[in-house]
Amino acid sequence: MNIKKVILIIALSLMSYSAIIFYAFQDRSVDKIDVVAVNDIAESIAEQWETLDQNGLPCLNYGFDYVVLDNKDSLVAATGEGLNYSLNAAISNRDTVIELKKYDTALGILIIYNDTGDVWVRYRGTLLAITMFIIISAAILCLIYAIWIDRSIYRPFRKLQNFARHVAEGRLDLPLEMDKGNRFGAFTESFDLMREELGKARENERIANQSKKELVASLSHDIKTPVASIKAVSEVMYARAKEEYDRKQLETINAKADQINTLITNMFNATLEELQELKVTATEQSSQILY
């Protein structure tokens with residue numbers, strides 16, 4: 001998933017939420033009552049007053065719920081349950097009240113039920129459901145986006161952090177695993193190439209140091225031969241020398257040869273120790289040698 005797809009999903013989600021909110025908050029005003037229909041119902045009831053119980057309530061096709069009361073405020077008939085069966089209750093509910101007359105004779109009253117309260121109850125339930133849907137869907141979308149951010153950005157950086165720690169510890173044999181399809185794939189590939197180059201540089205350095213130490217060991221061994229020859233010749237000349245001055249000069253040459261030989265021996269042993277090629281043979285010795 002690239003950034004273009006994320007932007008497209010967010011835009012579509014915002015458009016969907018806007019459409020839902022527009023639908024939820026559109027004009028919910030109740031239509032005005034149809035006066036013609038009400039008059040038709042009132043006239044039909046007045047004409048059928050004597051036979052109202054036998055024929056049933058007329059004009060039900062208008063979709064109005066209404067109640068018919070006589071002059072004593074007693075229930076005559078009703079289109080359904082839960083309506084206002086008294087004049088006081090009708091007035092409290094703001095129902096439409098019409099006097100029923102026939103030939104100027106009062107028969108009773110017609111109460112057209114005002115269902116505005118029921119409509120708004122249903123509307124509030126719908127609005128609550130839409131609001132919960134928007135909140136839940138937005139939360140799910142945010143969770144999905146957070147998971148995507150974690151997988152595409154934070155997880156690669158955590159891998160880079162572990163990789164940097166391994167490099168700092170000198171563990172250059174651990175490659176940096178990364179999905180090539182990730183936007184950081186090329187970026188992390190450069191780090192992995194750096195790891196390989198560091199490994200090669202370290203190996204070359206190790207080989208160079210190894211060669212240098214081997215050269216030093218070889219030279220130390222080769223120098224010991226001419227020094228031994230100088231020492232041997234000086235000893236022979238010392239044995240044949242008759243003059244005291246010559247003897248002192250030969251002693252100086254012999255001492256310097258011993259000094260050089262000691263230095264070369266120490267350097268040779270140190271080099272062999274670094275090369276891990278110094279062979280040591282352990283033997284038991286008498287404690288008298290300490291004295």
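## Close-up views of the predicted model

**View 1. R94 is placed in the loop between α4 (87-92) and β3.** This is a predicted model, as are all the views that follow. The backbone of R94 takes a positive phi of about 60 degrees, although R94 is not a glycine. With a relative accessible area of 70%, R94 is exposed. Because the cut-off for that label is over 50% relative accessible area, R94 at 70% falls in the exposed group.

View 2. Read from the N terminus on, the elements run α-α-α-β-β-α-β-β-α-α-α. The chain counts 291 residues, of which 23% are buried. Take the contacts between residues at least 6 apart in sequence: 50% of these join residues at least 24 apart.

**View 3. Four strands make an open sheet in the order β2-β1-β4-β3, with antiparallel pairing.** At the edges stand β2 (75-78) and β3, and each has a single partner strand, so one side of each is left without a neighbour in the sheet. On average, neighbouring strands of this sheet are turned by 25 degrees against each other, direction ignored.

**View 4. β1 pairs with both β2 and β4.** Three bridges join β1 to the antiparallel β2, and here V68 stands opposite A77 in β2. Toward β4, which also runs antiparallel to β1, there are five bridges, and V67 stands opposite I111 in β4. β1 is mostly covered, with four of its five residues buried.

**View 5. Look at the turn of the β1-β2 hairpin, where D73 is found.** Four residues lie between the two strands of this hairpin. D73 belongs to the loop between β1 and β2. Its phi is positive, about 65 degrees, although D73 is not a glycine. Is D73 buried, exposed or partly exposed? At 35% relative accessibility, D73 counts as partly exposed.

**View 6. β3 and β4 form a hairpin with two residues between them.** Y103, in the turn, has a positive phi of about 55 degrees. The two strands run antiparallel and are joined by seven bridges.

**View 7. Helix α2 lies across β1, β3 and β4.** Relative to β3, α2 runs at about 40 degrees. The largest nonpolar core has 17 residues, and those with the most contacts inside it are I45, Y66, V68, L100 and L110. At least two residues of this core come from each of α2 (35-47), β1 (66-70), β3 (96-102) and β4 (105-112). Which element supplies the largest share of this core? α2 does, with five residues. Another core, of seven residues, lies apart from this one, and L83, A90, I109 and Y113 are among them. In soluble globular proteins, nonpolar side chains tend to be buried together.

**View 8. V68 gathers contacts from several parts of the chain.** Leaving aside neighbours within four places in sequence, V68 is in contact with I45, W49, L52 and L57 among others. Its contacts also include S74, L75, V76 and A77, as well as L100, I109 and L110.

**View 9. Helix α5 (residues 116-168) has 53 residues and spans 75 Å from its first C-alpha to its last.** That reach is close to the 78 Å expected at 1.5 Å a residue. Just after α5, G170 takes a positive phi of about 85 degrees.

**View 10. S234 lies in helix α6 (residues 185-240).** S234 has a relative accessible area of 4% and is buried. Because buried means under 20% relative accessible area, S234 at 4% carries that label. Once neighbours within four places in sequence are set aside, S234 is in contact with L250, I253 and N254.

Conventions
Residues numbered from 1 in each chain as written. Predicted model: local features only at pLDDT ≥ 70, side-chain atom pairs only at ≥ 80, totals over all residues. Heavy atoms only, no water. Core = buried A, V, L, I, M, F, W, Y, C linked by side-chain atoms within 4.5 Å. Buried < 20%, exposed > 50% of the residue type's maximum accessible area, 1.4 Å probe, protein only. Contact = heavy atoms within 4.5 Å. Pairing = 2+ DSSP bridges. Axes fitted to C-alpha atoms, helices over the stretch in contact; angles between N-to-C directions. Expected span 1.5 Å × (residues − 1).
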